[in-house]
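I opened my notebook to look up a few things in this structure.

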Amino acid sequence: MKVVALVSGGKDSCYAMMKCIQYGHEIVALANLMPADITVDELDSYMYQTVGHQIIVSYAECMGVPLFRRQIKGTTRQVLLTTMHQELNYKMTHGDEVEDMFVLLKEVKRQIPSVTAVSSGAIASDYQRLRVESICSRLGLVSLAYLWKQDQSVLLDEMIANEIAAITVKVAAMGLDPGKHLGKEISFLKPHLHKLKDLYGINVCGEGGEYETLTLDCPLFTNARIVLDESQIFLASPDSIAPVGILHPSKYHLERKGEPVFMHGSDKTLEFPQKEVGSVFEVQGDCSEESENTCQAVACSTDSIAHSDNRLCISRTRKENTFSISCWLQDSSKTSAGLKEDLSIILKHIESELAVYGFGWGHVLYIHLYIADMNEFAIANETYVAFITQEKCPFGVPSRSTIELPLLHVDLGRAYVEVLVANDRSKNVLHVQSISSWAPSCIGPYSQATLHKEILYMAGQLGLDPPTMTLSCGGAIAELEQALKNSEAVAKCFKCSLSTSAISFIVYCSSHVPTSERQAIADKQKSFSRELRLSQIDGGSKCKVLEPTVLYVLVPDLPKRSFVEVKPTLFVPEEDIESQEVADGKSLSPSIAPKSWGFERADWQNTCIQKCVISGKICAVLLSITTDIAAKIVSKTLETNDRHQVPPMNFHLKRVLQFCIYLLDEVVTENNFCWQDIMSLRVYLPTGLGLKGEAVSLMFKDVLAETGYTAELLCNVVPVLGVGTSAAAMDDLLVCELFARQS
């Protein structure tokens, strides 16, 4: 991609440019925001570094690329909310300093239309990253933030090793003396910075405002280096513990490195006049309202979609504060105009269903988007983003998993959507749209993870290499390892780990995975968790370890034609997990399974069950029905027949479902949970059984009615090619997945 780099003069923005080039991008322009009063060194800004701005004008000549500059006319108008949960998204605010960046980058894009990406040096500041991403989204640009979430000690070492000559131009931390440490190169200060980190916990890259730098030379400065001739030190705050000092560059010159070199080289397609490469352009003008009008047009476009359709089917759980809704179109293959129409009807219906409860998309925590053909992923995404927007979700967009399922084989239409809804907005959403080295970006209204009431719902993770956003080479095993690494990177942002905090893992395997590799997938998942756990023990971690449920699901296809997709769910305690009590196995909750069904607890039933229970909080259960288990279940109905002849599954589906409800009831109640605690209940149904999704859903409803349980609780039937707790086989007859949480 052709990139315009946001430069402040600091080491971070320069190293971010070097990383862009490392990953194959081209820096075609620089962009800088400076004080309106050029005599001022520093503004009171949450967003921009301005100390040393007097020298930035020389970067164009040093690098051989045009520099676009704009005076900062706005101020900090929209700040973080003071409530417990911040409003993540920046909204266009007239007079805010962020709008100056919009005007600046819009002009760059106008003059250099081939620009498709913006580079920034953000390392840890969500405030800055989110605002850059907001501007990029409005302008149709990609945000590149290759330093994001990287270890600051490692970054500092890399910057020095890559010959970035940067000096301190501001110090504001305990242990940094303006008289001693201003004007010193980072290579000289490195030992002292690490000492201060050990003593006081400072950020060695200065991400906490401890210090700011000005780059005088780096490998990107192919034409000249900057030599500072004279400078003055001003004491901005004479604090006795952490004085604040600023270095003002009074005089400097450029020291030539040889014949001028332009970073574009001999590119004949360059739309920018060669004579103006290396020039400086002052950008004027006011903020345009085009983006606001566009957003309103998109939001309004969904209102005209008709949603009265007798093919609509819906199921829901009835937990009071967190529940799931599923929606699909029955037999839509016979009448549908295509995926776009089907998905639009479904999303509009869910939107209306949410409105009945006084909710909107902002209350949704997670979305499972199932489609019948992954070749239509772009259509599905385009339709999806017309409904679920950042404007509708001011506290963060839902996390999402997108899977191709054999929906048409069971008459469930071309699209099937399941949403998890909360009755409050206390969620904490991680949504990073920038491409970085941290984890895959989510460019659009779907987030990496959503934390709500101690449960972390993680988006489906592919085996994407974060900085290149391409699938890892080496097949399914390599992709799985990368997907798990990506998931761990996301987990770390919430101060937890897959190895200790996972409640459940679902590993979707594409039908393109060779049968011979499927067992290796399970082996890799186990070895990754084991090695991660050992590394944490070596690091001194004493966290209590959960034993997650693990399910393998065989599906026709996955996004980007990937082999695997991983969907972990984690527990992030608000208190120390060690202090929580363990269930004693004595049931305090009423059972709903009637004795007339004739089931009795037996040891062999334990082979059907995987569970992860956190006493008084969470109960996650997988109930797996294999062919052998099905034979045991129906054996009592065959006492007058040949026990070795098991009739076809559809003849005994009702009996199997009775057993599922009976055993789920046993597990739920013996751990002191009840059916009212259930947030979601899925039945994974292999299409090879020849059963229709609607028939299974109705039979489940009828069986549940036999228990006398009056509250509405419908299961979500998920058609798959195969499913099981063993990756090697994935040949179970069906699997029930239950997730319950106590308020």
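**Entry 1: strand S7 and its sheet**

I checked how covered S7 is: 7 of its 7 residues are buried, so I note the strand as mostly covered, buried meaning under 20% relative accessible area. I keep in mind that this is a predicted model.

Next I asked which strands form the sheet, and in what order. I found an open sheet of 4 strands, ordered S7-S6-S9-S8, with antiparallel pairing. S7 (211–217) and S8 (224–237) are the edge strands, and each pairs on one side only. From one strand to the next, the twist averages 25 degrees. A reminder to myself: strands of a sheet pair through backbone hydrogen bonds.

**Entry 2: strand S6 and its two partners**

I looked at S6 and S7 together: they run antiparallel and are joined by 6 bridges. Then I turned to S6 (residues 165–171) and S9 (residues 244–256), which pair in the antiparallel sense over 2 bridges.

Which residues does Val171 face, and which is its bridge partner in S9? In S7, Tyr211 stands opposite Val171. In S9, the bridge partner is Gly245.

**Entry 3: Ser13**

I moved on to helix H1 (residues 11–22), where Ser13 has its place. Is Ser13 buried or exposed? Its relative accessibility is 5%, and the cut-off for buried is under 20%, so Ser13 counts as buried.

I then traced what surrounds Ser13. Its side chain reaches the backbone nitrogen of Ser8 at 3.5 Å. I left aside neighbours within four places in sequence and found Ser13 in contact with Leu6, Val7, Ser8 and Gly121.

Technical notes
Residues are numbered from 1 along each chain as its sequence is written. This is a predicted model: local features need pLDDT of at least 70, side-chain atom pairs count only at pLDDT 80 or more; totals for chains, interfaces and linings use all residues. Side-chain values use heavy atoms; hydrogens and water are left out. Two strands pair if DSSP finds at least two bridges between them. Axes are lines fitted to C-alpha atoms, for helices over the stretch in contact, and angles run from 0 to 180 degrees between N-to-C directions. Buried means under 20% relative accessible area, exposed over 50%, partly exposed in between (1.4 Å probe, protein chains only). A polar contact is a pair of N or O atoms within 3.5 Å; within protein, one must be able to donate a hydrogen and the other to accept it, and residues adjacent in sequence count only if both atoms are side-chain atoms. Contact means heavy atoms within 4.5 Å.
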